[in-house]
Amino acid sequence: MSWTVLARQDGRLTVGAKSVKYLLALLVAVVMLGAYVYPLFGTEPITTARFSGFVVGWLATLLPLIGVLIGYNAVVSERESGALLLSLSLPHSRGDVILGKFLGRAGVLAAAIVVAMIGAGALVVYPFGELELPRSLAFVGLTVVFGMIWTGIGVASSLVVATKRRALVVAFGVFFLFVFAWETAADALETGLNSAGILDGELPGAVEFLVAMEPGAVYTRLVTSVDPGGSLEGAWYLGWDVSLVAFVCWATIPMGLAYLRFAGSDLP
Amino acid sequence: MVAIDANEVSKRYGTLQAVDRVDLTVEEGETFGFLGPNGAGKSTFINMLLDFVKPSHGSVSLFGNDCQGEGVAARSRIGVLPEGYSTFDRLTGRQHVEYAIRSKAADDDPIDVLDRVGIREAADRKASGYSKGMAQRLVLGMALVGEPDLLLLDEPTTGLDPNGAAEIREILREENERGATVFFSSHILEQVEAVCDRVAILQDGELVALDTIEGLRETMGGGTKLVITLDRLEDGTLETIWAVEGVDTAVATEESTVEITCTNDAKMDVIVALHEAGLDVLNFRTEEASLEDMFVEYTGAGR
């Protein structure tokens, strides 16, 4: 398969970049730090599965940042320089190039997540904790997919514009919108409408639904559903099943739309 | 079999007609020169063959595979040196060739390839530190990987000194002898003249000539070039010559030397016209017209 050649090549180049090494080291350090302090501050029982509820908030902020930073220059910097033309002169389709870039980079991030989780698991289990393998594996799997979602958003930013600077602006725009602004804006809207007397209580269901579909919120709910200490309550769309569908949509739709735009564009 | 088939292909950018209804067929085994001044649309045409650019109208195919619909199949048997490329930042020359070998599922030895294009000693240096000429050799090497049936090269000798350009031409000749079709663009005419079976001349996006070099000479009315040395050159001397029927181009090359391409019958008329204008012809000789002269005629660059 053509994309395996491209994924291997791009993965190797990605790991070779100094900035990526620092980002991945930061991820591993944060997760390990979490695992180190969790037995001190967490509530009994101390298990690897309940650790998920302890770090999910950190990961929901950190992984989007790392994902967009790893992804945003995937295609656009080679497009700007002209190196992309060398790849596309070879018998690779544009789809292969994108898939290779995405899997190369998402793979590097996934490997770092797995390494961090294994280290964290050891810190949690030793000396007093307990290993709950199936739920912990589900947590690692969800985290890998969450990393892929944000790498995908980064790569998608790389595909829809023609310069690296613009790709960075788009990628960071999406990052700030979802990670920082989304819920805050909804809260502010609710408070504002309440104090103005337009609204009594909560925002309309459609708005609440939109707020809940933000990738980090979806990820957090899914992790909560595998955390023995967590529980999901509320409207029908806050259940794990709808969240899982939303998760899959986030993993595929941004890349799909960006691919369609890129596939039909003139390159030089 | 047909290597390249362009069927009334056009490309429009806003109000600019970059390529205008080009109809072109290149047979397998040919060495084909694609000529034209800068900005004539040569690269746009080649970029449509590579599917970097989508045609506005018409279609192009390589070995019967549509370049847009079946791009991967179309590119599976070719080696490419595109315009406006750059090398990969963090890869060495050898890694570039290895990438091409893996991508084409070929089994060449990277060092042999680099040796052939003359940059073996730079194999393990990062390509980002290469000169333009070395990068050009590297990408040509990538193009040669896997014994392609067609070499598609956009200005292959850019950035090379005359010796380097001659080496590249020698490689192209070897590849053609092996059985590969060679298609390359250039605005340097003597190179095309030296190696090509047929040439096409593109001007403002339109194909203005498509023939063998001999054929081009014939359509030029015998293809005679007159080199006349006069006692002096006055304002209006060139106009006097242009006014003679059968004259295609007249260019003042040195202080009082004029190069004229014309039909055989017009030669004496030119001498007579100059004499009547009061100028003394000190010397004159005739030459076979070179492609350069034809190029000047077709693209109007001399006037």
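## The six-stranded sheet of chain B

Six strands of chain B form an open sheet with mixed pairing, in the order β6-β7-β8-β3-β9-β10. Its edge strands are β6 (78–81) and β10, and each of these pairs on one side only. Neighbouring strands in the sheet are turned by 15° against each other on average, with direction ignored. The model is predicted, as is every feature described here.

Strand β7 (residues 150–154) of chain B runs parallel to strand β8 (residues 181–186) of chain B, and five bridges join them. One contact to find is L150(B), whose bridge partner in β8(B) is T181(B). At the β10 end, the pairing is antiparallel: strand β9 (residues 198–203) of chain B meets strand β10 (residues 206–212) of chain B over six bridges. Here Q203(B) has E206(B) as its bridge partner in β10(B). The hairpin of β9(B) and β10(B) has two residues between the strands, and D204(B) takes a positive phi near 50°.

Look next at strand β4 (residues 57–62) of chain B. It runs antiparallel to strand β1 (residues 2–13) of chain B, with five bridges between them. Within this pair, N7(B) has S59(B) as its bridge partner in β4(B).

β4(B) also pairs with strand β5 (residues 65–66) of chain B. Two bridges join these strands, which run antiparallel. L62(B) is bridged to N65(B) in β5(B). β4(B) and β5(B) form a hairpin with two residues between them. In the turn, F63(B) has a positive phi of about 50°.

## A buried helix

Now turn to helix α1 (residues 42–49) of chain B. Eight of its eight residues are buried, so the helix is largely enclosed by the rest of the structure. The buried residues in α1(B) are K42(B), S43(B), T44(B), F45(B), I46(B), N47(B), M48(B) and L49(B). After α1(B) comes D51(B), with a positive phi near 65°.

## Chain B as a whole

Chain B holds eleven helices and 14 strands. Its C-alpha atoms fill a box of roughly 70 × 45 × 35 Å along the principal axes. Of the 303 residues in chain B, 52% are buried.

## Spans listed for chain A

Chain A has a record in UniProt. This unreviewed entry lists "transmembrane region" for residues 20–41, 53–75, 102–126, 138–160, 167–185 and 237–260 of chain A.

Two of these spans can be checked in the model. Residues 138–160 of chain A are 100% helix and 0% strand, and the end C-alpha atoms lie 33 Å apart. Residues 167–185 of chain A are also 100% helix and 0% strand. Their end C-alpha atoms lie 24 Å apart.

## The largest pocket

Rolling a probe the size of a water molecule over the atoms shows where empty space is left. The largest pocket holds about 410 Å³ of space. Its lining has 23 residues, and those nearest its centre are N73(A), S77(A), R105(A), D89(B) and R90(B).

Several helices of chain A contribute to the lining. At least two residues each come from α1 (2–16), α2 (18–41), α3 (48–71), α4 (76–81) and α6 (94–125) of chain A. What kinds of residues make up the lining of the largest pocket? Ten are nonpolar, six are polar and seven are charged.

Terms used: Residues numbered from 1 in each chain as written. Chains lettered and ligands numbered in written order. Predicted model: local features only at pLDDT ≥ 70, side-chain atom pairs only at ≥ 80, totals over all residues. Heavy atoms only, no water. Pairing = 2+ DSSP bridges. Helix = DSSP H or I, 4+ residues; strand = E, 2+ residues; numbered from the N terminus. Axes fitted to C-alpha atoms, helices over the stretch in contact; angles between N-to-C directions. 1 Å grid on protein atoms, 1.4 Å probe; cavity = no way out; pocket = protein on both sides within 12 Å on 5 of 7 lines; lining within 4 Å. Points joined across faces, edges and corners; volume = space filled by probe spheres on them. Nonpolar A, V, L, I, M, F, W, Y, C, P; charged D, E, K, R; others polar. Buried < 20%, exposed > 50% of the residue type's maximum accessible area, 1.4 Å probe, protein only. UniProt positions renumbered as here; feature names shortened; annotations may be inferred.
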